[in-house]
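Subject: Structure handover

Hello,

Please find the sequence and the structure below. My notes on what was found follow after them.

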Amino acid sequence: MNDSQQDSTAPIVTMEKVNKYFGSLHVMQDIDLEIAAGEVVVIVGASGSGKSTLIRCVNGLEEFQSGRIIVDGNELTPHGKGGKSLQTIRTEVGMVFQQFNLFPHLSVHANVTLAPEKVRGLNNAKAREIADRLLERVGISNQADKYPSQLSGGQQQRVALARALAMEPRLMLFDEPTSALDPEMIGEVLDAMRELANEGMTMMIVTHEMGFAREVADRVIFVHDGRIVEEGTPQEVFDHPQHERTQAFLSRVLKH
Amino acid sequence: MDVNFQFDWQAAIASLPHLLTGIPWTLLISFGGLAIGFLIGIIFGLLRISPLRLLRWPATVYIEIFRGTPVLVQVLFIFYGLPQLIGGPINAVVAGIAAIALNAGAYISEIVRGGVQSIEKGQREAGLSLGLSRTDTFRYIIWPQALRRMIPALGNQGIVSIKDTSLFSVIGVGELVRQGQVYIATTFTALEVYLMVALLYLAITLSLSFALRLLERKGLVGQ
């Protein structure tokens, strides 16, 4: 279809001079960012810094006002005029939300098979096969016939992960995946994400779990007031932050 | 008039066969009207939350008009007024069904709007993020959940509309109240007959409540 998909070194995500406003609030300021295939990028920053907005722009859940975003060769243009490429991007980009957003009226199994059936056009048997494999992998296989409300938060988030993976995405977005969880359930979700990272999935993760970020990230990006203030390896950003904003932020979150 | 009036159970029972002939008409008008009203409600309820103002305002106008005027006036308008406009008579039952459909449709539009808007925005985002189209996201994710939340309100509207059909005795539809009036005209047993009429309405509305409660309980699975 285009050069970028044939060229394995081309970035999966390219953001060029992306700007976004909520009214008069400039929530993303000239964001330039490239994510390579297989890269795990963790985005950190204070709440309200624009880090969630940033990853929500990648699959078009948020519109932006200027600049451009290219995901796996498909371009998103300002003001949500993605059209067909927006749809294509969404089939290739999975997302895990803070509040899980499982479909409460569908069984765990049906949550996972819905998109492969309706979007990919798989028959039920094939979709179930994929769902079984993924639920097994996230350790939920014995709960497949239950409804989301019958599961713990950690289990629900693992189902949400399986649901996104069922579309065989090229890129996974995580928007604070453990922030709504009880502390004892955070580990199981991070374990599943760590496994995914080890398998080579390209991931953009917004999280407050600094220990996890240090361990799995290839690159850490620090966002402040809608700008990328600093980026580098976890060692660079966490151990030797250059920017005073980064230093101030880390001293607050790493203290406890 | 007899001061020591005794409730005449025999007269009450005796009126039943005659009253029961009104039930099919009451059911036809209420459920026929509600079925059409539900379709109207889905269409106009969704138009009401359309992002396009051009689609929103006709829906708003329709809802305000038919919610803001009495059903009795609506049916009189349709039965006596419209024929002057179209140059031919309108069947009373058709007029009744139309009045219920238009009136209930306005209320159901608002129920549909509220139901759909009550679904958390994350549900839509989850659907879209999986690559589902907006239509499929609505069809498979938003609507089934919204419909469940709408059941109690729809049940209320059903009961209101069933009772509203009693007004159509004025245009001569042979429904329950009309049959009662006809019967009383020859027997003068108003007390007994109207009690029976009331009980028959209660039987219909209680059956509906019961059926909806079952449906609701079933729908609660997985919520």
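**Helix packing in chain B**

In this predicted model, the axes of helix α4 (residues 71–86) of chain B and α5(B) come within 9 Å and cross at roughly 135°. Helices here are DSSP runs of H or I with at least four residues, numbered from the N terminus. Axes are lines fitted to C-alpha atoms over the stretch in contact, and angles run from 0 to 180 degrees between N-to-C directions. α4(B) and α5(B) are therefore oblique to each other; angles under 35 degrees count as roughly parallel, over 145 as roughly antiparallel, 65 to 115 as roughly perpendicular, and the rest as oblique.

On the α4(B) side, Val71(B), Gln74(B), Val75(B), Ile78(B) and Phe79(B) meet Ala92(B), Ala95(B), Gly96(B), Ala98(B), Ala99(B), Leu102(B) and Asn103(B) of α5(B), where contact means heavy atoms within 4.5 Å. The residues of this contact of α4(B) with α5(B) are nine nonpolar, three polar and no charged. Nonpolar covers Ala, Val, Leu, Ile, Met, Phe, Trp, Tyr, Cys and Pro; charged covers Asp, Glu, Lys and Arg; the others, Gly among them, are polar.

Asn103(B) belongs to helix α5 (residues 92–117) of chain B. At 4% relative accessibility, Asn103(B) counts as buried (under 20% relative accessible area, with exposed over 50% and partly exposed in between; 1.4 Å probe, protein chains only). Leaving aside residues up to four places away in sequence, Asn103(B) touches Phe66(B), Thr69(B), Val71(B), Gln74(B) and Asp164(B).

Helix α2 (residues 23–48) of chain B and helix α3 (residues 53–68) of chain B pack at an angle of about 130°, with axes 7 Å apart. α2(B) and α3(B) are therefore oblique to each other. By class, the contact of α2(B) with α3(B) has seven nonpolar, one polar and two charged residues.

**Chain B against chain A**

The contact takes 21 residues from chain B and 23 residues from chain A. About 1900 Å² is buried between chain B and chain A, and carbon and sulfur atoms give 61% of that area. Buried area is the accessible area (1.4 Å probe) that two parts lose on being put together, summed over both. In chain B, Ser129(B), Leu130(B) and Tyr140(B) lose the most area to chain A, together 31% of what that side buries.

**Conventions**

Residues are numbered from 1 along each chain as its sequence is written, and chains are lettered from A and ligands numbered from 1 in the order in which they are written. Local features need pLDDT of at least 70, side-chain atom pairs count only at pLDDT 80 or more, totals for chains, interfaces and linings use all residues, and side-chain values use heavy atoms, leaving out hydrogens and water.

Regards

Methods
Helices (H or I, at least four residues) and strands (E, at least two) are DSSP runs, numbered from the N terminus.
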